[in-house]
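Reader: I would like to learn how to read a predicted model with some care, one feature at a time. Could you take me through the example below?

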Amino acid sequence: MLTWSISDAVFVTEIDDEHKEIFDALADFEKILAGDGRPAELRKAVERLTTRMVDHFAHEERLMRAARYESLPWHKKLHMAARWRVEGLSTRMEQGDAEAGAELVEYLASWLHTHTQVADRMMGAALRNHRRCTWKVTFRAGTKPLEACDWVTVDGEPLRPPTESAS
Ligand SMILES: [Fe+2]
Ligand SMILES: [Fe+2]
């Protein structure tokens with residue numbers, strides 16, 4: 001339950017790698033919780049988990065925006081709900097609630113699998129499709145000389161234009 005498996009794959013390497021890292025951070029947190037669960041160590045583990053999660057959400061949202069993914073508002077709401085829930089649980093932990101840590105593990109393990117297998121997989125399909133279309137449009141509909149075009153990747157990063165022979 002706390003590990004990434006192939007059934008969680010969205011087939012976008014960078015996203016799958018980040019999902020694995022989040023599951024690893026969650027498993028680390030659970031291990032500390034099941035051990036002596038010292039508050040300082042637990043706090044650090046929650047911070048690591050939250051940072052990975054928040055950075056990952058921001059990354060997915062950047063990719064969806066760049067691909068003009070129409071379900072972005074819905075997907076963003078799902079991220080926001082999970083973020084609020086995790087922040088609420090970590091606040092309860094800070095306040096000494098003994099149940100909050102276990103609740104966090106249970107909630108996030110279940111949320112991550114469900115979200116990854118449904119919402120992220122839909123996003124993955126759209127991103128892969130967008131990447132394919134981007135190249136098609138670039139090569140078929142370009143009317144300016146290659147060097148006059150503004151080349152960017154789907155993430156909006158600058159891209160070196162292909163040479164005439166490669167096109
Ligand atoms: Fe997502
Ligand atoms: Fe994700």
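Reader: In what order do the elements of the chain run from the N terminus on?

Author: Before the order, a word on the source: this is a predicted model, in which local features need pLDDT of at least 70, side-chain atom pairs count only at pLDDT 80 or more, and totals for chains, interfaces and linings use all residues. Residues are numbered from 1 along each chain as its sequence is written, while chains are lettered from A and ligands numbered from 1 in the order in which they are written. Helices (H or I, at least four residues) and strands (E, at least two) are DSSP runs, numbered from the N terminus. Here the elements run α-α-α-α, with four helices and zero strands in the chain.

Reader: At what angle do the axes of H1 and H2 cross?

Author: Axes are lines fitted to C-alpha atoms, for helices over the stretch in contact, and the angles run from 0 to 180 degrees between N-to-C directions. Angles under 35 degrees count as roughly parallel, over 145 as roughly antiparallel, 65 to 115 as roughly perpendicular and the rest as oblique. For H1 (residues 13-34) and H2 (residues 39-66), the axes come within 9 Å and cross at roughly 165 degrees, and these two helices are therefore roughly antiparallel to each other. By class, where Ala, Val, Leu, Ile, Met, Phe, Trp, Tyr, Cys and Pro count as nonpolar, Asp, Glu, Lys and Arg as charged, and the others, Gly among them, as polar, the contact of H1 with H2 has twelve nonpolar, two polar and seven charged residues.

Reader: How do H2 and H3 cross?

Author: The axes of H2 and H3 come within 11 Å and cross at roughly 170 degrees, which makes H2 roughly antiparallel to H3. The residues of this contact divide into nine nonpolar, four polar and four charged.

Reader: Which residues have the most contacts inside the largest nonpolar core?

Author: In soluble globular proteins, nonpolar side chains tend to be buried together. A residue is buried if 20 or more other C-beta atoms lie within 10 Å of its own, exposed if 12 or fewer, and partly exposed in between, with C-beta atoms placed from the backbone. A nonpolar core is a set of buried Ala, Val, Leu, Ile, Met, Phe, Trp, Tyr and Cys residues joined through C-beta atoms within 7 Å. In this chain of 167 residues, 18% count as buried. The largest nonpolar core has 15 residues, and those with the most contacts inside it are Leu26, Phe29, Val46, Leu49, Val105 and Leu108. H1, H2, H3 and helix H4 (100-141) are the elements that give two or more residues to this core. Apart from it lies another core, of nine residues, among them Ile15, Met64, Tyr69 and Leu127.

Reader: Is Phe23 buried or exposed?

Author: Phe23, in helix H1, is buried, with 23 other C-beta atoms within 10 Å. Two residues are in contact if their C-beta atoms, placed from the backbone, lie within 7 Å; leaving out residues up to four places away in sequence, Phe23 touches Leu2, Thr3, Trp4 and Leu112.

Reader: What is phi of Phe11, and where does Arg68 lie?

Author: Phi of Phe11 is near 65 degrees, a positive value in a residue other than glycine. Phe11 lies in the segment before H1 and is exposed, with 11 other C-beta atoms within 10 Å. Arg68 lies in the loop between H2 and helix H3 (72-94), and has a positive phi of about 50 degrees although it is not a glycine.
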